[in-house]
Number of protein chains: 2
Amino acid sequence: MSNMPSVSNNLNDFDNTLKNIVRAVNEKLEGIAAVPDAPESAVYEAMRYSLLAGGKRLRPVLTVAAAAMLGGDTDDALTAGCALECVHTYSLIHDDLPCMDNDDLRRGKPTCHKVFPENIALLAGDGLLNRAFEILSDMSEFKSISEKTALRLIGLLSAASGANGMIGGQVIDLMSENKPGVPEDLLLRMHKKKTGAMIEAAALMGAAVSGVSAGSAEYSAVGRFARNLGLAFQIQDDILDVTGNEAVLGKPIGSDEQEGKTTFVTLLGIDGAEKRQNEYTRAAVGALDIFGEKAAFLKELARRLVLRDN
Amino acid sequence: MSNMPSVSNNLNDFDNTLKNIVRAVNEKLEGIAAVPDAPESAVYEAMRYSLLAGGKRLRPVLTVAAAAMLGGDTDDALTAGCALECVHTYSLIHDDLPCMDNDDLRRGKPTCHKVFPENIALLAGDGLLNRAFEILSDMSEFKSISEKTALRLIGLLSAASGANGMIGGQVIDLMSENKPGVPEDLLLRMHKKKTGAMIEAAALMGAAVSGVSAGSAEYSAVGRFARNLGLAFQIQDDILDVTGNEAVLGKPIGSDEQEGKTTFVTLLGIDGAEKRQNEYTRAAVGALDIFGEKAAFLKELARRLVLRDN
């Protein structure tokens with residue numbers, strides 16, 4: 001039995017297709033977020049709270065859509081994408097902690113350490129990171145991929161979330177606080193690691209599920225798509241922090257300026273940032289040309305992400 | 001080329017054999033702790049600081065010695081054990097943080113967040129956890145195990161360190177603070193998870209490297225050995241917190257009493273705790289009888305751990 005509805009490349013169905021993938025992701029995460037009746041259940045409650053706090057589910061959508069484009073098993077891609085979403089959620093919980101960004105709100109809701117004690121929030125993050133690797137190492141979670149592919153998924157995810165990936169980006173971000181003169185190459189390095197690495201891993205895990213070999217032109221194209229998408233996505237975050245609507249965004253605007261952060265907007269201005277964003281989006285969309293009609297959904301997803309208001 | 005010296009079961013060689021395994025572990029960890037020349041190097045410095053801060057290396061020694069007993073590849077066991085030691089070190093860094101135990105000293109040295117900013121220490125813990133899974137998912141790190149076995153190692157490690165393992169134990173520990181009336185069954189559950197799960201995983205990873213199947217009598221025996229060893233080890237911690245020498249121990253004594261913690265000593269008294277410890281040690285040693293002479297090193301290791309003064 002398949003949990004994943006098929007991914008249509010008819011753009012008239014785009015909204016429905018996206019909604020269906022997000023629904024499948026949320027259903028799968030609901031199962032992952034089960035809370036046992038045990039003395040240590042508090043940490044599971046906190047894991048559940050953050051995992052089910054909403055969000056665009058961009059990363060698992062990318063995994064599923066990439067696998068659909070490449071003829072892979074979308075149920076297995078859903079599993080892989082949800083494991084990655086656990087890691088993404090862990091990073092948000094730790095990022096929000098008092099010693100990090102000290103944020104009270106995330107997606108319009110109180111952050112994990114505002115609802116639970118700080119130490120439980122810290123451990124909930126740790127728990128979600130471990131949970132991702134528990135899922136990916138359990139072959140009973142998958143329908144058709146090989147053990148070799150499961151290992152490849154773990155390699156992609158751990159590298160993207162580790163010190164050479166997302167964590168490295170967070171370190172550069174922390175070091176850049178209240179230093180308005182951050183050069184563009186360091187800003188790019190930060191974003192490529194902090195958000196880009198996991199977005200790239202999400203798409204590449206979809207390719208890995210589909211058996212696309214790491215040295216192939218198809219694999220490179222998916223990587224190039226995701227890297228450019230990640231940068232366009234980040235610029236939209238920077239733009240929304242200036243022009244966004246707090247109620248729609250679910251968090252205060254103007255925080256980058258308040259914290260003296262260098263962003264694409266402070267470096268290039270709004271117009272310059274939008275121009276750069278369009279270049280990245282075009283590069284992302286163009287990278288998928290080799291897949292023809294099958295890339296329609298992913299291309300449209302990239303175009304829509306630039307237009308988002310939250 | 002083998003990095004691991006052979007593991008002798010001649011007890012006259014015990015001290016030398018143990019020293020050689022520990023040396024091999026430290027050499028391997030030295031390589032894992034390399035610091036790249038990069039803008040985000042601070043987090044690697046913090047990972048290195050904690051990973052190389054010393055310690056008994058009990059867990060990787062168990063992995064290597066179990067593999068040696070079972071005829072497995074001790075180089076691959078060394079790799080697996082060092083990945084587990086990364087996870088152990090991550091747990092120490094996070095356990096020491098201000099929102100957790102707020103400890104200033106670990107193994108006689110300032111804790112990670114005392115040497116580095118708190119947020120870098122948090123991320124160094126996260127980095128070490130990810131690093132473990134990067135190592136275990138990279139087949140080029142291993143000489144002879146299969147992809148199926150590598151997945152099995154990842155499954156054992158992530159389950160032992162996750163919310164149903166070590167993290168769950170930490171949660172029970174946090175909830176029990178300043179509650180002197182913790183019942184014995186909850187104390188046991190806490191220790192089985194907080195320290196026991198990772199000690200068990202260390203030994204079982206040695207069995208997995210050796211190709212011992214999960215349903216076999218040998219596998220059960222190794223698990224029973226490690227679970228009993230873990231409890232005996234924990235009781236020694238509790239006893240040393242009362243009777244230990246601060247200089248030898250590298251941390252203040254009497255902290256359990258100060259924090260109003262329930263321990264085996266508060267529940268059973270020193271004599272009762274030592275009696276219980278001897279029972280667990282005997283059970284651990286007895287579990288290995290089925291392996292005959294080949295178990296001599298591991299049995300002696302269990303006996304020595306009860307006699308340790310740090």
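Helix α6 of chain A covers residues 118-136, and its 19 residues reach 28 Å from the first C-alpha to the last, close to the 27 Å expected at 1.5 Å a residue. This is a predicted model, so that span is a computed value.

Next comes a pair of helices in chain A. The axes of α7 (residues 147-161) and α9 (residues 184-209) come within 9 Å and cross at roughly 175°. Since angles over 145 degrees count as roughly antiparallel, α7(A) and α9(A) are therefore roughly antiparallel to each other. On the α7(A) side, the residues that meet α9(A) include Leu153(A), Leu156(A), Leu157(A) and Ala160(A). Among their partners in α9(A) are Ala197(A), Ala201(A), Leu204(A) and Met205(A).

Leu157 turns up again in the largest nonpolar core. That core has 206 residues, and Leu157(A) and Leu157(B) touch the most other members. Leaving aside residues up to four places away in sequence, Leu157(B) touches Ala83(B), Leu84(B), Val87(B), Ala132(B), Leu136(B), Ala201(B) and Met205(B).

In general, two copies of a chain are related by a rotation about an axis and a shift along it. Here, a rotation of 180° with 0.0 Å of shift along its axis superposes chain B on chain A, with an RMSD of 0.0 Å. The two copies are thus related as by a two-fold rotation axis. Both copies use the same surface, with 100% of the contact residues of chain B recurring in chain A.

Conventions: Residues are numbered from 1 along each chain as its sequence is written. Chains are lettered from A and ligands numbered from 1 in the order in which they are written. This is a predicted model: local features need pLDDT of at least 70, side-chain atom pairs count only at pLDDT 80 or more; totals for chains, interfaces and linings use all residues. Copies are superposed by least squares on the C-alpha atoms of residues with pLDDT of at least 70 in both. Two residues are in contact if their C-beta atoms, placed from the backbone, lie within 7 Å. A nonpolar core is a set of buried Ala, Val, Leu, Ile, Met, Phe, Trp, Tyr and Cys residues joined through C-beta atoms within 7 Å. A residue is buried if 20 or more other C-beta atoms lie within 10 Å of its own, exposed if 12 or fewer, and partly exposed in between; C-beta atoms are placed from the backbone. Helices (H or I, at least four residues) and strands (E, at least two) are DSSP runs, numbered from the N terminus. The expected span of a helix is 1.5 Å times one less than its number of residues. Axes are lines fitted to C-alpha atoms, for helices over the stretch in contact, and angles run from 0 to 180 degrees between N-to-C directions. Angles under 35 degrees count as roughly parallel, over 145 as roughly antiparallel, 65 to 115 as roughly perpendicular and the rest as oblique.
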